Amino acid sequence: MRSLVAVALLFACSLHAQEFPSKAVRIVVPWPPGGNVDITARTVQAALGEALGQQVLVENRAGASGLIGSGAVAKSPADGYTLLLGSTGTITIAPAVHKNAAYDPIRDFTAVGGIQVTPMVVTAALKTPVQSFTDLVSLARTRSVSMATPGNATTNHLALELLMRQANLQFLHVPYKGAGPAITDLLGGQVDAMIDQLSASIGHIRDGRFKALAVTSKTRSAQLPGVPTLHELGVKDFEVATFTGIFAPAGLPAPVVAKLHAALRKALTVESVRERYRSMGVEVMDMRQEEFAAYVKTDFEKWRKVARDANIVVE
């Protein structure tokens, strides 16, 4: 009897996969319109819809630092029609620092595929008396150096904590309510330095409004080939990058996962999509579904350890 039930379920899943998608697919962005995650979703939206043969809708469901929209997707039916545009902040940082997070990124989601990854960059105000990261280290040995981030318990904050531990440094962490206010104060010289996503800082760096000292990726960024990595500068094996990707509720049938992943990979080969991402200072992720799932798990474990070691907990 059990074998008959198993065969029936397998047949139903296979039939569903053959029919999928038979209607519009919705991608939930757990942030307001206009931010990096929202732009990421809308950049790939049309190409993904074409690859799937169905309309793809983007729905902004903001609140509680991305937890509301992410939690809603985790509780949605695992049928492939409700997806999440997940990111480092909502998938691997928030569950690592929030004591009562409403979801587990590994248990409650299926990692369908990565979209893009971007390094962070350490920058300094024009009036800060440094020209390199080595200078910044020397300055921090002689006086307090203020380092801005978009807020407590953000990806940037945890990246700063990791940097201070691996480089045996101490900076004065200055948390802001978002990247915008932090960048404004860096431009005005109210803070000495900042660690932020390259995509948010690249325009100001190109315009010469503040100084790029180091990038956090394993290799140099094509956008800033003259700026060394922290690893090159002696912070051995330091690597931090933020990612975005498509996630579905846990339990999504494997054939549907495969269809969504293949469509995403096809969408990411469209040159206009790739060019838009390049202009943002990010790199398209080229990973198989299994590789992306492993990447997410490793990233979550890393940030959970950083949060625990630094005693960063959000009640």
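Trainee: With which residue does the side chain of S199 make a polar contact?

Mentor: The partner is the side chain of N36, at 3.3 Å. The term applies because a polar contact is a pair of N or O atoms within 3.5 Å; within protein, one must be able to donate a hydrogen and the other to accept it, and residues adjacent in sequence count only if both atoms are side-chain atoms. Please note that this is a predicted model, in which local features need pLDDT of at least 70 and side-chain atom pairs count only at pLDDT 80 or more, while totals for chains, interfaces and linings use all residues. Residues are numbered from 1 along each chain as its sequence is written, and side-chain values use heavy atoms, with hydrogens and water left out.

Trainee: Why does S199 count as buried?

Mentor: S199 has a relative accessibility of 17%, and buried means under 20% relative accessible area (exposed is over 50%, partly exposed in between; 1.4 Å probe, protein chains only). S199 is therefore buried. S199 belongs to helix α8, residues 198-206; helices (H or I, at least four residues) and strands (E, at least two) are DSSP runs, numbered from the N terminus. Leaving aside neighbours within four places in sequence, S199 is in contact (heavy atoms within 4.5 Å) with N36, T118, M280 and V282.

Trainee: What makes H173 count as buried?

Mentor: The relative accessibility of H173 is 19%, so H173 counts as buried. H173 sits in strand β6, residues 172-175, and its side chain is joined to that of T149 by a polar contact of 2.7 Å.

Trainee: Why is D135 called partly exposed?

Mentor: D135 has a relative accessible area of 31%, so it falls in the partly exposed class. D135 lies in helix α5. A polar atom of the D135 side chain is 2.9 Å from the backbone nitrogen of Q131.

Trainee: Which residues of the largest nonpolar core touch the most other members?

Mentor: They are F133, L136, M147, L158, L163, F171 and W303, in a core of 37 residues. Not counting residues up to four places away in sequence, L158 touches I93, V97, A153, W303, V306, A307 and I312. A second, separate core of 31 residues includes I27, A41, A263 and V282.

Trainee: What is the volume of the largest pocket?

Mentor: The volume is about 880 Å³. On a 1 Å grid over the protein atoms alone, a pocket is an open set of points where a 1.4 Å probe fits, with protein on both sides within 12 Å along at least five of seven lines; lining residues have an atom within 4 Å of a point. Of its 34 lining residues, W31, G89, T155, N156 and Q197 are the closest to the centre. Helix α4 supplies the largest share of this lining, 4 residues.

Trainee: Where does the largest share of the lining of the second largest pocket come from?

Mentor: That share, 4 residues, comes from α11. The second largest pocket holds about 440 Å³ of space. Its lining has 19 residues, and V117, K218, E239, A241 and Y295 lie nearest its centre.

Technical notes:
A nonpolar core is a set of buried Ala, Val, Leu, Ile, Met, Phe, Trp, Tyr and Cys residues joined through side-chain atoms within 4.5 Å. Grid points are joined across faces, edges and corners, and a volume is the space filled by probe spheres set on the points.
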